[in-house]
Amino acid sequence: MLLRNCAGGLVFWQGKIFLIRNEKDEWVFPKGVIQQGDLSHETALNRVKEEADITAEIISTAGHTSYEFFSVTRQKPICNRITWYTMSALDDNFRINEPEKCKEAGYYDI
């Protein structure tokens, strides 16, 4: 099994949280794999910026999750271990940078 360390952001703006509904109809938070030499908080901020063009600042760590899946392209199981950060967006603007991977996105009431 391939183990991957990842990081992501739970982005808040005025009592709402940012969510993305992906091409699989799953509601997800921005996240990505931590590249060698990068720090987890840097990856989390970068993924929020890269996926949704949101500028945010980290407030605190929010915890850890993990999940396993079978990668069709790699032909092996993968375990993603994610460190989550609570973030505050500087404004409510966003723009999905990979629209083919997103059905819907926005800030939603909790």
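**Notebook: largest pocket and helix H1**

I looked up the lining of the largest pocket: strands E1 (2-13), E2 (16-22), E4 (31-33), E5 (56-71) and E6 (76-89) and helix H1 (40-52) each give at least two residues. Helices (H or I, at least four residues) and strands (E, at least two) are DSSP runs, numbered from the N terminus.

This is a predicted model: local features need pLDDT of at least 70, side-chain atom pairs pLDDT 80 or more, while totals for chains, interfaces and linings use all residues. Numbering starts from 1 along each chain as its sequence is written, and side-chain values use heavy atoms, without hydrogens and water.

I noted 24 lining residues, with Asn-22, Val-28, Lys-31, Glu-51 and Tyr-67 nearest the centre of the pocket. A pocket is an open set of points on a 1 Å grid over the protein atoms alone where a 1.4 Å probe fits, with protein on both sides within 12 Å along at least five of seven lines; lining residues have an atom within 4 Å of a point.

Next I checked H1. Thr-43, Ala-44, Val-48, Glu-51 and Ala-52 are buried there (under 20% relative accessible area, 1.4 Å probe, protein chains only). Seen down the axis of H1, the buried residues fall within an arc of 135°, so they line one face of the helix. The arc is taken over directions from the helix axis to the C-beta atoms. These buried residues pack against E1, E2, E4 and E6.

Last, I followed Glu-51, which sits in H1. Its relative accessible area is 17%. Beyond neighbours within four places in sequence, Glu-51 contacts Ile-20, Pro-30, Lys-31, Arg-95, Ile-96 and Asn-97 (heavy atoms within 4.5 Å).

Methods. Buried < 20%, exposed > 50% of the residue type's maximum accessible area, 1.4 Å probe, protein only.
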